[in-house]
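Here's a quick briefing to read alongside the model. Have the viewer open and follow the topics in turn.

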Amino acid sequence: GSPVTGLAVTAKAPGFGEHTASEGTPGTYTFTGIAPEMVAYQLTFDSNYYRAQNTSDLSVMVAPSGSAKNTTITLIERAVLSGNAIAHTSDATVAPLSSSIQLLRASDNTVLQTTTPDINGGYSFLVEDTTAVKVRNVSGDGYTVTTVAVPTIALGTTVTIADLDAYRLAQVTFGLDVKLSSASDVTVTPSTGVTVTIPTDY
């Protein structure tokens, strides 16, 4: 693969603080003046757009000698999908939606990941391929289930998703008061899912 440039790479070990590498040849990061340790140094880098293919590669032992310690770390590129979930509690009132958000494969609605928005309604997913996906809020929270398509994904970037707007479901109660004479006939045809009760005191 291609060298990954422009990262801030650090190494930390108990009792020896944190060291920052300098980048020379593109994709090559060098630490100097690193003291040998009895435990491994843990390497970190500052980008959500990559992860180490093998996390064990981020643990590096430094032996007490003058020779250089070289290690190659393979990184997997990924994209950040970022959006906001909004709860419409009334016609004029909105608030952050707190229910879970699912990431779905667009072709068959398979759930790939699930996350919970932060206190501001913000949420994000990390993906490692460009498969078409969409997001939706989980049902059962008293709001409409809304599905939003995710724009075309480019690895190494942040993809902004349109706002997910969920509306509070209404609860409506209908009353029916029927008074009949003994000679009257009434036909009531309720809609599907609606129960109509006729009082017996007519």
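A quick word on naming: helices (H or I, at least four residues) and strands (E, at least two) are DSSP runs, numbered from the N terminus. By that count the protein has 0 helices and 17 strands. This is a predicted model, where local features need pLDDT of at least 70 and side-chain atom pairs count only at pLDDT 80 or more, while totals for chains, interfaces and linings use all residues. Residues are numbered from 1 along each chain as its sequence is written, and side-chain values use heavy atoms, with hydrogens and water left out.

**Overall picture**

- Of the protein's 202 residues, 26% count as buried; buried means under 20% relative accessible area, exposed over 50% and partly exposed in between, with a 1.4 Å probe and protein chains only.
- Take the contacts (heavy atoms within 4.5 Å) with a separation of 6 or more: residues 24 or more positions apart account for 51% of them.

**The β12-β11-β14-β15 sheet**

- Another open sheet of 4 strands runs in the order β12-β11-β14-β15, also with antiparallel pairing.
- Here the edge strands are β12 (111-115) and β15 (147-149), and each pairs on one side only.
- From one strand to the next, the twist averages 25 degrees, taking axes as lines fitted to C-alpha atoms (for helices over the stretch in contact) and angles from 0 to 180 degrees between N-to-C directions.
- β11 and β12 run antiparallel and are joined by 4 bridges; I101 has T115 in β12 as its bridge partner.
- β14 (residues 133-137) pairs with β15 in the antiparallel sense over 3 bridges, with A149 in β15 as the bridge partner of K134.

**Two loops to look at**

- N109 lies in the loop between β11 and β12, a hairpin with 5 residues between the strands.
- Phi of N109 is near 65 degrees, a positive value in a residue other than glycine.
- Most residues other than glycine have a negative phi.
- N109 counts as partly exposed because its relative accessibility is 37%.
- T144 is in the loop between β14 and β15, and it counts as partly exposed because its relative accessibility is 25%.
- Leaving out residues up to four places away in sequence, T144 touches N137, D165, A166, Y167 and L169.
- T144 and A170 are 26 residues apart in sequence, and their C-alpha atoms are 9.9 Å apart in space.

**Cores and β17**

- A nonpolar core is a set of buried Ala, Val, Leu, Ile, Met, Phe, Trp, Tyr and Cys residues joined through side-chain atoms within 4.5 Å.
- The largest one has 20 residues, of which L81, L97, I101, V135 and V150 touch the most other members.
- Two or more residues each come from β9 (79-88), β11 (101-105), β13 (122-127), β14 and β17 (164-167), and β9 gives the most to this core, with 4.
- Apart from this core lies another, of 8 residues, including Y41, L43, L58 and V62.
- Not counting residues up to four places away in sequence, L97 touches A85, I86, A87, P117, G121, N137, D141, Y143, L164 and A166.
- β9 and β17 run parallel and are joined by 4 bridges, with A166 in β17 as the bridge partner of A87.

**The largest pocket**

- About 1,200 Å³ of space lies in the largest pocket; grid points are joined across faces, edges and corners, and a volume is the space filled by probe spheres set on the points.
- On a 1 Å grid over the protein atoms alone, a pocket is an open set of points where a 1.4 Å probe fits, with protein on both sides within 12 Å along at least five of seven lines, and lining residues have an atom within 4 Å of a point.
- Its lining has 40 residues, of which Y29, L43, K69, N70 and T71 lie nearest the centre.
- β1 (9-12), β4 (29-30), β5 (41-45) and β8 (75-77) each supply at least two lining residues, and β5 gives the most, with 4.

Notes. Two strands pair if DSSP finds at least two bridges between them.
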